[in-house]
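Hi,

Here is the structure I promised to pass on to you. Have a look at it first, and then read on for my notes.

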Amino acid sequence: EEKVEEELSEPAYWGNRLEDIVAEEYSIRTKTTLSQENRLLNHKDYPFLAANVDRWVNDEYLLECKTAGFMMNKNWGEEESEDIPPSYYAQVAWYSAIANVKKVDIAVLIGGQKFKIYTYNKDTQFENNLIKKGVDFWKNHVEKRIPPAPVNFDDLKLLYPESANRSVYATEEIERMLLEM
């Protein structure tokens, strides 16, 4: 099997580098004790579902650390709310379901200058739907080795790498037929 080494984008690189700083600032502002989980957490009923959490807070709930460019500030709502970008909302709901915690705090450093804290409170119905979709994906795609249908151009490039860099043009005959439709 070929091992693929993925190069991190600049935002992902800096997000990884700044995670400890974001976590430390959260701990200072909230006067809490943080600990790191040095392994993947697995769902109690579906061990193939996992989460890679950033930190535990007082061994009670989770902390997810984020960084965002200053232009992304508009995607974050009022501090201390659950008004966070949808992909992060789904991520922390997933983590809540896997770790079986009542809440997840999200600490974000925006533009390297604005620090905000948000709180996701357990939404059992949403989490159950995520878990159901995760189990369905595992059983119908991973176990059966059937890739899901592509949903964007990047998916198509992964599915058909040999054709990603070339174009095929319609002949005059095909163009004429299309115009006659």
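Below is what turned up in the sheet, the pockets and the salt bridges.

Please keep in mind that this is a predicted model.

**The sheet**

The strands β1, β4, β5, β6 and β7 form an open sheet of 5 strands in the order β1-β4-β5-β6-β7, with mixed pairing. At its edges stand β1 (34-35) and β7, each with a single partner strand, so one side of each has no neighbour in the sheet.

With β7 (residues 114-121), β6 pairs in the antiparallel sense, over 8 bridges. You can follow this pairing from K103, which stands opposite N121, to L109, whose bridge partner is F115. The two strands form a hairpin with 3 residues between them, and G111 in the turn has a positive phi of about 60 degrees.

**The pockets**

The largest pocket has a volume of about 310 Å³. Its lining counts 19 residues, and P11, W14, G15, K66 and T67 are the ones nearest the centre. Helix α1 (10-30), strand β5 and helix α2 each supply at least two lining residues, and α1 gives the most, with 7. By class, this lining is made up of 8 nonpolar, 7 polar and 4 charged residues.

The second largest pocket comes to about 250 Å³. Among the residues that line it are H141, V142, R145 and I146, the prolines P147, P148 and P150, and also L158 and L159.

**The salt bridges**

How many salt bridges does a search of the whole structure find? There are 8, and three of them are described here.

D20 forms a salt bridge with R55, with the closest N and O atoms 2.5 Å apart. This pair links distant parts of the chain, since D20 sits in helix α1 and R55 in strand β4 (residues 55-57), 35 residues apart. Are the two partners buried or exposed? D20 is partly exposed, at 48% relative accessible area, whereas R55 is buried, at 5%.

Elsewhere, salt bridges with shared partners join E19, D20 and R55 into one network.

Finally, D45 and K44 form a salt bridge whose closest N and O atoms are 3.0 Å apart. D45 counts as partly exposed at 49% relative accessibility, while K44 is exposed at 66%.

Happy to go through any of this with you.

Best wishes

Key:
Residues are numbered from 1 along each chain as its sequence is written. This is a predicted model: local features need pLDDT of at least 70, side-chain atom pairs count only at pLDDT 80 or more; totals for chains, interfaces and linings use all residues. Side-chain values use heavy atoms; hydrogens and water are left out. Two strands pair if DSSP finds at least two bridges between them. Helices (H or I, at least four residues) and strands (E, at least two) are DSSP runs, numbered from the N terminus. On a 1 Å grid over the protein atoms alone, a cavity is a set of points where a 1.4 Å probe fits but cannot get out, and a pocket is an open set with protein on both sides within 12 Å along at least five of seven lines; lining residues have an atom within 4 Å of a point. Grid points are joined across faces, edges and corners, and a volume is the space filled by probe spheres set on the points. Ala, Val, Leu, Ile, Met, Phe, Trp, Tyr, Cys and Pro count as nonpolar, Asp, Glu, Lys and Arg as charged, and the others, Gly among them, as polar. A salt bridge is a side-chain nitrogen of Lys or Arg within 4 Å of a carboxyl oxygen of Asp or Glu. Buried means under 20% relative accessible area, exposed over 50%, partly exposed in between (1.4 Å probe, protein chains only).
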